[in-house]
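Let's take a walk through this structure together, one region at a time. Please have the sequence and the 3D view open side by side.

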Amino acid sequence: MKVTIETDYLQATIDSYGAELQSLYSKEHKIEYLWKGDPEFWGRHAPVLFPFVGSLKDQQYTHQGQTYTMGQHGFARDMEFSLVEQKQDEVTFVLKSDETTKAVYPFDFQLFISYQLGGDGITTAYRVVNESNETMYFSIGGHPAFNVPLEEDLTFEDYYLKTSPMKSRIQIPLVGPLVDLEHRTLGQTNATIAFTRDLFEKDALIYETLGLNSFSICSDKSPHSVTLSYNNLPFVGIWSPYGKEAPFVCVEPWSGVADAIDASGELSEKFGIQKLASQAEFFSKYAITVK
């Protein structure tokens with residue numbers, strides 16, 4: 001089921017399958033900012049990553065002596081959510097644990113995802129409720145893909161990434177699908193980063209983030225841009241599929257990250273994992289603003 005919310009200036013479409021944002025259209029500028037999901041390049045738009053971000057080592061983990069198998073980015077993006085509430089400019093969905101989820105992830109939970117339009121953008125909010133009688137270990141993150149270029153007469157290489165605050169951030173390299181914590185370096189996010197195809201030769205650029213951060217996709221040849229911002233999410237990934245000439249770039253705010261190359265596989269020891277006490281709730285959100 002697809003749901004449309006709108007204001008006088010913006011219109012957004014969300015699919016209950018995966019509670020995935022599929023369109024963010026500016027009525028004012030007549031620009032579609034979100035990638036259309038063409039499977040020739042990448043068949044998704046802005047999937048929700050839960051209960052893990054990225055890949056597990058050997059696609060498995062251990063909890064309380066039992067081993068579970070799970071693919072990249074978890075299962076939420078491939079499950080049907082239930083509609084909780086819909087207003088003209090806002091919608092909320094929920095995913096509840098069941099026998100299917102507990103076969104691969106042994107926790108009772110509710111995952112609420114809300115989208116709210118306002119002003120010149122949309123806010124995505126996550127609420128995770130631990131209904132288990134034990135500590136719940138999880139990660140959650142966004143994976144929105146933005147059209148690059150935003151206008152037909154421009155090219156991919158006409159755009160760049162601008163960060164705020166414009167300072168260096170710790171960069172975590174990938175070795176295959178896993179993070180290499182030993183070789184973290186200081187990434188040069190203290191300057192704009194020009195988009196080239198070779199920028200993504202080693203997959204996503206991953207940075208550690210603290211406090212308030214924003215990441216803008218801009219071009220000096222256009223007044224139009226898109227910015228993703230958030231407060232106190234620990235990681236961000238910047239990605240476009242290498243070797244495909246794909247006309248989009250993802251800016252991905254994460255509360256967790258893929259397994260480290262030397263991960264033990266024990267869930268409670270996973271790098272960057274969130275720990276949520278029994279009956280407690282976790283909140284996070286990010287905003288997309290457009291020009």
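How do the residues of the lining of the second largest pocket divide into nonpolar, polar and charged? Six are nonpolar, three are polar and three are charged. Keep in mind as we go that this is a predicted model. The second largest pocket holds about 230 Å³ of space. Its lining is made by Gln171, Ile172, Pro173, Leu174, Val175, Asp180, His183, Thr185, Lys202, Asp203, Ala204 and Leu205. Two strands, β16 (169-172) and β17 (174-175), each contribute at least two residues to that lining.

The largest pocket comes next, with about 270 Å³ of space. Among the 18 residues that line it, Gln72, His73, His143, Asp203 and Ala204 are the closest to its centre. By class, the largest pocket is lined by nine nonpolar, six polar and three charged residues.

Four strands make an open, antiparallel sheet, and their order is β1-β2-β3-β4. Because β1 (2-6) and β4 (31-32) stand at the edges with a single partner strand each, one side of each is left without a neighbour in the sheet. The partner of β1 in this order is β2; β2 covers residues 10-15, and five bridges join the two strands in the antiparallel sense. To find your place in this pair, look for Thr4, which stands opposite Thr13 in β2.

Follow the chain out of β2 and you come to Ala19, in the loop between β2 and β3 (20-26). The backbone is worth a look here: phi of Ala19 is near 45 degrees, a positive value in a residue other than glycine. With a relative accessibility of 0%, Ala19 counts as buried. Asp58 also has a positive phi, near 60 degrees, and is likewise not a glycine. Its place is the loop between β5 (48-49) and β6 (60-63). Is Asp58 buried or exposed? Asp58 is exposed, at a relative accessible area of 62%.

A second open sheet has nine strands, again with antiparallel pairing. Reading across it, the order is β8-β9-β10-β11-β27-β23-β22-β15-β20. At the edges are β8 (82-86) and β20 (193-194), and each of these pairs on one side only. On the β8 side, four bridges connect β8 to the antiparallel strand β9, residues 90-96. Within this pair, Glu85 stands opposite Thr92 in β9.

Strand β23 of this sheet, residues 226-231, contains Tyr230. Tyr230 is buried, with a relative accessible area of 3%. Which side chain makes a polar contact with the side chain of Tyr230? That of Thr209 does, at 2.9 Å. Thr209 belongs to the loop between β21 (205-208) and β22 (212-219), and is itself buried, at 2% relative accessible area. The Thr209 side chain also reaches the backbone nitrogen of Phe235, at 3.4 Å. From Tyr230 you can look across to Ile288 as well: the two are 58 residues apart in sequence, while their C-alpha atoms are 9.1 Å apart in space.

Val148 and Pro149 are joined by a cis peptide bond, with omega about 15 degrees. Pro149 sits in the loop between β14 (145-147) and β15 (159-164). Another cis peptide bond joins Ser164 and Pro165, where omega is about -5 degrees. Pro165 is found in the loop between β15 and β16.

Finally, consider the cysteines. How many disulfides are there? The count comes to zero. For Cys218, the closest cysteine sulfur is that of Cys250, and the 17 Å between them is too far for a bond. Cys250 is accordingly in no disulfide. Cys218 is buried, with a relative accessible area of 9%, and Cys250 also counts as buried, at 0% relative accessibility.

Definitions and conventions:
Residues are numbered from 1 along each chain as its sequence is written. This is a predicted model: local features need pLDDT of at least 70, side-chain atom pairs count only at pLDDT 80 or more; totals for chains, interfaces and linings use all residues. Side-chain values use heavy atoms; hydrogens and water are left out. Two strands pair if DSSP finds at least two bridges between them. A disulfide is a pair of cysteine sulfur atoms within 2.5 Å. Buried means under 20% relative accessible area, exposed over 50%, partly exposed in between (1.4 Å probe, protein chains only). On a 1 Å grid over the protein atoms alone, a cavity is a set of points where a 1.4 Å probe fits but cannot get out, and a pocket is an open set with protein on both sides within 12 Å along at least five of seven lines; lining residues have an atom within 4 Å of a point. Grid points are joined across faces, edges and corners, and a volume is the space filled by probe spheres set on the points. Ala, Val, Leu, Ile, Met, Phe, Trp, Tyr, Cys and Pro count as nonpolar, Asp, Glu, Lys and Arg as charged, and the others, Gly among them, as polar. A polar contact is a pair of N or O atoms within 3.5 Å; within protein, one must be able to donate a hydrogen and the other to accept it, and residues adjacent in sequence count only if both atoms are side-chain atoms.
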